[in-house]
Amino acid sequence: MTIHLKKSWIISLITSFFLLGGVLLAPATSANAAKVATSTYSDQSYSEDDYLHEELMDELELDEAELTADQQELVDYVNQILALKTYLAKASTAMESIGSQANSPNRKSIYLKLTNTVIPNYTKLVSKLKQIKPANPKLKKIHATFVKGNYNQLEGLLLYKQAVSKTKVNQTILKQANTKIKTAIDLMEQSEQQLRAYANSLGYDF
């Protein structure tokens, strides 16, 4: 069976989600670094992703009968993940706006953004991710790693909030947050690599 080239967009779209999730927590080490990382995903890039997603779905509608059960489940999985992108976008935009390392003068502003926007949206994201239940064992394993990565990010965010909750930034808790960050990014990269390999095994080229 020949897989149309446009179906590689499935992996392009899902990878953009994985990578954006992977940089979200970088501000616990350096908010400036996060600003550079998240600025890659501007409003324009989201619009482009949305356009590609629509084109992809139109393409799949034309040859849906050609999809195997595993391919169809992958498409369905991607749709479920992409439906959650709005939570990640809101959290990421708020993190980007912090724009500097945590210190006593700006720690209240960081605390409020974490409390009012970042953590609520990321909590919803993790909750929604946990509700996705792939049936295919390989996809289920990939998703479990993805969920674990995002959960570690949420834990890091909560620690980051705790670190800036007092007048003086707590460097010990900040280091703990950084440890969670590293774990989260490693897991995110691992799940992204696993997804690529799995998609390739189904004939999706990336």
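**Entry 1: salt bridges**

I started with Lys 182, which is exposed at 54% relative accessibility (buried is under 20% relative accessible area, exposed over 50%, partly exposed in between, with a 1.4 Å probe and protein chains only). I kept in mind that this is a predicted model, where local features need pLDDT of at least 70, side-chain atom pairs count only at pLDDT 80 or more, and totals for chains, interfaces and linings use all residues. Residues are numbered from 1 along each chain as its sequence is written, and side-chain values use heavy atoms, leaving out hydrogens and water.

Lys 182 forms a salt bridge with Asp 186, 3.0 Å from N to O (a side-chain nitrogen of Lys or Arg within 4 Å of a carboxyl oxygen of Asp or Glu). Both sit in helix H8, four residues apart, so about one helical turn separates them (helices are DSSP runs of H or I, at least four residues, numbered from the N terminus).

I then looked up Glu 155 and Lys 180, whose closest N and O atoms are 2.7 Å apart in a salt bridge. Glu 155 is in H7 and Lys 180 in H8, so this pair ties together parts 25 residues apart in sequence.

**Entry 2: the core**

Which residues have the most contacts inside the largest nonpolar core? I found Leu 74, Leu 114, Tyr 122 and Leu 129, in a core of 44 residues (buried Ala, Val, Leu, Ile, Met, Phe, Trp, Tyr and Cys joined through side-chain atoms within 4.5 Å). H7 gives the most to this core, with nine residues.

Technical notes:
Helix = DSSP H or I, 4+ residues; strand = E, 2+ residues; numbered from the N terminus.
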